[in-house]
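Subject: Handover of a structure and notes on it

Dear colleague,

Please find the structure below, followed by a short account of what was found in it.

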Amino acid sequence: MKNRLKVLRAENDWSQAELADRLGIARQTVVALEAGKYAPSLPLAFKISKLFLRSVEDIFEPGPDE
Amino acid sequence: MNKTNMNPTTLAQRRYLRQMAVMTVAYLIVLYVAVTALKHGHVGDPSLRYAVALLPLIPVATLVPIFIGYYRNTDEFERRMQAESLAIAGGVTAMLSVTYGFLEMAGLPHLSAWWTWAVLMVSWAIARPIVGRFYCQ
């Protein structure tokens, strides 16, 4: 699953650790999310959308096989 | 940072490491006491010897709820990786124990049940960083 997390994080000038703390997750989870290697659960996706004040579809985009 | 404002995943990891450390020390103390009592013949009654031999199980058994507590309180990605690495470790242990079971029937020496536990723990410890690498590279 593709996403714009890295761009949005850069726009807010947050480090991966800062973003992890704001979401209550581990930094390794932010790394995996940004790399598109891990698709978040619905509750986490909504938490991310609330933090960046954007819809889930604005942030996440399914890959070609999804 | 105030503890109540701390990242819940970080708190869960710290609590887990602290509880594991305390229980490992408790295990080593109980193990030492039990082994010493059995070795030096302080316990004569056979049924009491079984009870003393099982004493180290008390701290070991507490590790199960400690891990379950960590599993439930850590973040979803760590849960995924722990579940995958435990599945791999379970598969490896099943395959190795079945393989050796067949080899035993062909004449290899009988091994202690301890080996099953050791293989499960070692394969879990190896699988966890490999699974993490797969997701985070």
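**Chain A and chain B**

Chain A has a radius of gyration of 11 Å, which agrees with the value near 11 Å that a compact globule of 66 residues would have; this radius is taken over C-alpha atoms, and the globule rule is 2.2 Å times the number of residues to the power 0.38. The model is predicted, so that local features need pLDDT of at least 70 and side-chain atom pairs count only at pLDDT 80 or more, while totals for chains, interfaces and linings use all residues. Residues are numbered from 1 along each chain as its sequence is written, and chains are lettered from A and ligands numbered from 1 in the order in which they are written.

Along the principal axes, the C-alpha atoms of chain A fill a box of roughly 30 × 25 × 20 Å. Chain A contains five helices and two strands, in the order β-α-α-α-α-α-β from the N terminus on. Helices (H or I, at least four residues) and strands (E, at least two) are DSSP runs, numbered from the N terminus. Of the 66 residues in chain A, 23% are buried, a residue being buried if 20 or more other C-beta atoms, placed from the backbone, lie within 10 Å of its own, exposed if 12 or fewer, and partly exposed in between.

Chain B has five helices and zero strands. For its 137 residues a compact globule would have a radius of gyration near 14 Å, but chain B has 19 Å. The C-alpha trace of chain B spans about 55 × 40 × 20 Å along its principal axes, and 8% of the residues in chain B are buried.

In α2(A), the buried residues are A:Leu19, A:Ala20, A:Asp21 and A:Leu23. Their cover includes α1 (5-11), α3 and α4 (42-52) of chain A. Just after α2(A), A:Gly24 has a positive phi of about 70 degrees.

The largest nonpolar core has 13 residues, and those with the most contacts inside it include A:Ala20, A:Leu23 and B:Phe77. Such a core is a set of buried Ala, Val, Leu, Ile, Met, Phe, Trp, Tyr and Cys residues joined through C-beta atoms within 7 Å. Two or more residues of this core come from each of α2 and α3 of chain A and α4 (76-105) of chain B.

**Where the chains meet**

The contact between the chains takes 14 residues from chain A and ten residues from chain B; two residues are in contact if their C-beta atoms, placed from the backbone, lie within 7 Å. On the side of chain A that touches chain B, α3(A) gives the most, with four residues. By class, that side has eight nonpolar, four polar and two charged residues. Here Ala, Val, Leu, Ile, Met, Phe, Trp, Tyr, Cys and Pro count as nonpolar, Asp, Glu, Lys and Arg as charged, and the others, Gly among them, as polar.

In one helix pair, A:Gln28, A:Val31 and A:Ala32 of α3(A) meet B:Gly132, B:Tyr135 and B:Cys136 of α5(B). The residues of this contact divide into four nonpolar, two polar and no charged.

With kind regards
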